[in-house]
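Colleague: I have a few questions about this fold. Could you take me through it piece by piece?

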Amino acid sequence: MNELLIHLDSKAGTALYEQIYEHIRQDITDGRLSRGERLPSARMLAAQLQISRSTVDTAYAQLVSEGYLEARRGSGYYVCDSGQLYHLTTEERRDTPATGSDYRTSGGRKYVTQNGCDRDSGQGQRPSALYQFRPGQIDSAGFSYRSWRRAGKEAMLELEHDLLQPGHPQGEYRLRRAIASYLYQARGVHCGPSQLIVGAGNEYLLLLLGQILGTGQKVAMESPTYLQAYYTFRNIGYEVTAVPADTDGMKVEEIPDAGVSLAYVMPSHQFPLGCIMPLKRRLQLLAWAEALADRYIIEDDHDSEFRYKGKPVPALHSMDGRGKVIYLGTFSNSIMPSIRVSYLVLPEELLCRYHTRCGFYASTVSRVQQMTVCRFIENGSFGRHLNKMRRIYKAKHDVLLQLLKGRDWVGRIYGAHAGLHIAVEIKGRVPEKEVIAQAAALGLDLQGMEDCCLADSRGPDRRPVLLLGFGGLTQEQIRKGMELLDQCVRRSMESGMEGKEAEPEKQDRSMESGIERHGREKYT
């Protein structure tokens, strides 16, 4: 291809790179750009549109991260093979809003009006550690305490006469309406307040979901994964099948055909790898779910609020036109873990089961807490808080990433440019648990990839991978902590803890090749 005809409006409220991104994305979705077609180089398109090359680079990078384009070194950008797997048309989307939702239409699109896992801080944390690099920590100093107090006062005044009443089992209607509006605007999720259930943490909502879906379910989970969800499924009697994950997330083609009815995934920011599931694999997963009536996808939208390069990646739910995605979200990282407010978006066909089987359960979150969150969202404080925290976390992320790139013991880096942690592979054969123990002796609290695997089956040639959370540390603490970690790793390697030198062909194996060997076994 020699050129793209893109009309840019500099006076529009949308950034130029977003206009380029949306134009190309729509052309791919509508089939005007076909599989394998080459796009103009960034330099050529920038010259054609008379804009800076960095603007085009940003748009192309976003399209690559979402799986619409493939970047081939020395060759250019090509349209990915994403067609003929799962057809998404506006006519196929559900046109009937959920009961009780306040919907308006604009240009044929629905939106909710403003009027109409928890990975908690402190899980497994060592109080004596000087530097908390364990994932799940948030920045307490940057929190908008004044705005939160104001929201709490407003909530108390509004609830003055109803404070002693139990409230709605699904959660306060105003909060559910505010969440529905936020999900549409920020994540592209189409839902009404009646589809939302507010609960105290992701684990509680998974327990509730287990009662809605019924016993005897078989669920496919990525390995490595968020183990609290795994334990929850086991506790409700579900059979869990581990499916290998690579840098694109769950390998859909390896989901067993026999009896698996649920797939638990984190497509926007997989924990702990931090990868983004590209378009082609998302479509494969949706096609898998649509193949049988009783199949569903549980989308845990982990850390989706924090992305530091390009625009946020839309939720998988935003592509679902057949009611196959059960959406799970939380305010633990975006506001604070201690409020214990999470939410579940049910497909409409599961709402009847919910009301029949679980509608009598009282809400597990206090009305005061719910209305405080509601006012925090409604008065704009939540949006301002997110923007502030993105800037804070991006600065910390950039410092940590720069420090890692300067270490010769650092191998591959996973999950950069999003979330509140980075996964780092260590070169050599230093035992992962030994590195963590050595670090603990120096005052560093770390977590390794092994802690997130459904089974330790990567084999003896595996390389250690550390999960370095940066949310709760200052930039200075990150620098000092990295100096200590650097000493720890070098001392371990020098003392011969890496063991026998691996064979040359094993040294070249990447971490994901080890991850692919996870999960060919079922766990009950």
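Colleague: Is strand β11 largely enclosed by the rest of the structure or exposed, and how many of the residues of β11 are buried?

Modeller: Keep in mind that this is a predicted model. The cut-off for buried is under 20% relative accessible area. Strand β11 covers residues 296-300 and is largely enclosed by the rest of the structure, because the buried residues number 5 of the 5.

Colleague: Which residues of β11 are buried on one side, and which on the other?

Modeller: Both faces of β11 are covered. One side carries Y296, I298 and D300, all buried.

Colleague: Which residue of β12 is the bridge partner of I298?

Modeller: β11 pairs with strand β12, residues 325-330, in the parallel sense. The pairing runs over 4 bridges. In β12, the partner of I298 is I326.

Colleague: What is the hand of the β-α-β crossover from β10 to β11?

Modeller: Strand β10, residues 262-265, pairs with β11 in the parallel sense over 4 bridges. A263 stands opposite I297 in β11. Between the two strands the chain passes through helix α8, residues 279-290, and this crossover is right-handed.

Colleague: Which residue is joined to P272 by a cis peptide bond?

Modeller: P272 sits in the loop between β10 and α8. Omega for the bond is about 10 degrees. The residue joined to P272 is F271.

Colleague: And what is omega for the cis peptide bond from S223 to P224?

Modeller: P224 is found in the loop between β7 (218-223) and α7 (227-235). The bond from S223 to P224 is cis, with omega near 5 degrees.

Colleague: How do α6 and α9 stand to each other, and at what angle do the axes cross?

Modeller: Helix α6 spans residues 202-213 and helix α9 spans residues 348-357. Their axes come within 9 Å and cross at roughly 100 degrees. The range for roughly perpendicular is 65 to 115 degrees. Therefore α6 is roughly perpendicular to α9, with a crossing angle of roughly 100 degrees.

Colleague: How many residues of the contact of α6 with α9 are nonpolar?

Modeller: From α6 come L208, Q211, I212 and L213. They meet L350, R353, Y354 and R357 in α9. Of the contact residues, 1 is polar and 2 are charged, while the nonpolar ones number 5.

Colleague: Is Q50 buried or exposed?

Modeller: Q50 lies in the loop between α2 (42-49) and α3 (53-65). Q50 is not a glycine, yet has a positive phi of about 60 degrees. The cut-off for exposed is over 50% relative accessible area. With 72%, Q50 is exposed.

Colleague: What is the relative accessible area of R340?

Modeller: R340 lies in the loop between β12 and β13 (342-345). R340 is not a glycine either, and has a positive phi of about 55 degrees. R340 is partly exposed, with a relative accessible area of 27%.

Definitions and conventions:
Residues are numbered from 1 along each chain as its sequence is written. This is a predicted model: local features need pLDDT of at least 70, side-chain atom pairs count only at pLDDT 80 or more; totals for chains, interfaces and linings use all residues. Side-chain values use heavy atoms; hydrogens and water are left out. Axes are lines fitted to C-alpha atoms, for helices over the stretch in contact, and angles run from 0 to 180 degrees between N-to-C directions. Angles under 35 degrees count as roughly parallel, over 145 as roughly antiparallel, 65 to 115 as roughly perpendicular and the rest as oblique. Contact means heavy atoms within 4.5 Å. Ala, Val, Leu, Ile, Met, Phe, Trp, Tyr, Cys and Pro count as nonpolar, Asp, Glu, Lys and Arg as charged, and the others, Gly among them, as polar. Buried means under 20% relative accessible area, exposed over 50%, partly exposed in between (1.4 Å probe, protein chains only). Two strands pair if DSSP finds at least two bridges between them. A crossover is right-handed if, with the strands pointing away from the viewer, the path from the first strand over the helix to the second runs clockwise.
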